[in-house]
Amino acid sequence: MVSEERRPKLSGFMDSFNERRRSPRYKALKESLLAFRCASHEATEGDGVLLDLSKGGCRITSEVPLALSHYYRLVLQATAGYPITIETAVVCWRSKSMYGLKFITVGGDQEELLEQNLLQLRSVS
C-alpha cells in the first residue's frame with residue numbers, strides 16, 4: 001500500500017498544467033470546420049473539425065493523420081464570419097484522431113479576426 005506522502009498530488013499537477021495555458025480556450029460551434037496543408041510535405045492536406053480555440057492554438061479532429069512537430073497552414077471557420085488563416089501552426093500532441101496545435105505565425109489582420117471570433121465564442125459559452 002502506498003503511503004499518503006508517496007502518492008502523487010494530482011491537484012498540483014492539474015494546477016501546473018492549467019498555468020501553462022496562456023489564454024483561455026473556448027468550445028467551438030458544432031459546425032466549425034478547418035482545412036490544413038503541411039508546410040514540409042505539400043501533398044499532405046486535409047480537413048477536419050475544430051473542437052476548441054484560443055488565441056494561441058486549437059484542438060481538432062481529423063481522419064487525415066497529422067505528424068507530431070510538423071508545421072501546417074490552417075484555415076479555420078470558427079463562426080459564421082470570415083475564415084481565419086493561421087500561416088504556421090505546429091502539432092504539439094495527438095490522441096488517435098484528435099490533435100493539439102500551437103499557433104506560431106498569425107498575420108496582423110488575421111489576429112484581429114481571431115480575436116473577434118474568440119469574443120463571439122465566449123459570448124455563447
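This is a short tour of a predicted model, stop by stop.

**Whole chain.** Start with the protein chain in cartoon view. Its secondary structure comes to two helices and seven strands. From the N terminus on, the order is α-β-β-β-β-β-β-β-α. Of the 125 residues, 31% count as buried. Now show the surface. The chain exposes about 8400 Å², and carbon and sulfur atoms supply 54% of that area.

**The core.** Next, select Leu53, Leu74, Leu76, Leu101 and Phe103. These residues have the most contacts inside the largest nonpolar core, which has 26 residues. Color the elements that give two or more residues to this core: β2 (33-38), β3 (45-53), β4 (57-61), β5 (71-77), β6 (84-95), β7 (98-105) and α2 (108-124). In soluble globular proteins, nonpolar side chains tend to be buried together.

**Leu74.** Zoom in on Leu74. Which residues does Leu74 touch, leaving out those up to four places away in sequence? Among them are Leu34, Ala35, Phe36, Cys58 and Ile84. Thr85, Ile86, Ala89, Leu101 and Phe103 also touch Leu74.

**Helix α2.** Select residues 108-124, which form α2. At 1.5 Å a residue, its 17 residues should span 24 Å; the end C-alpha atoms lie 25 Å apart, which agrees. Now pick Gln110, Leu113, Leu114, Asn117, Leu118 and Leu121, the buried residues of α2. Look down the axis of α2: these buried residues fall within an arc of 145°, so they line one face of the helix. They pack against β1 (26-27), β3, β6 and β7.

**The other face.** Turn to the face of α2 that points away from its buried side. The exposed residues Gly108, Asp109, Glu112 and Ser123 sit there.

Technical notes: Residues are numbered from 1 along each chain as its sequence is written. This is a predicted model: local features need pLDDT of at least 70, side-chain atom pairs count only at pLDDT 80 or more; totals for chains, interfaces and linings use all residues. Side-chain values use heavy atoms; hydrogens and water are left out. Helices (H or I, at least four residues) and strands (E, at least two) are DSSP runs, numbered from the N terminus. Buried means under 20% relative accessible area, exposed over 50%, partly exposed in between (1.4 Å probe, protein chains only). Accessible areas come from the Shrake-Rupley method with a 1.4 Å probe; for residues, only the protein chains shown count as cover. A nonpolar core is a set of buried Ala, Val, Leu, Ile, Met, Phe, Trp, Tyr and Cys residues joined through side-chain atoms within 4.5 Å. Contact means heavy atoms within 4.5 Å. The expected span of a helix is 1.5 Å times one less than its number of residues. The arc is that of the directions from the helix axis to the C-beta atoms.
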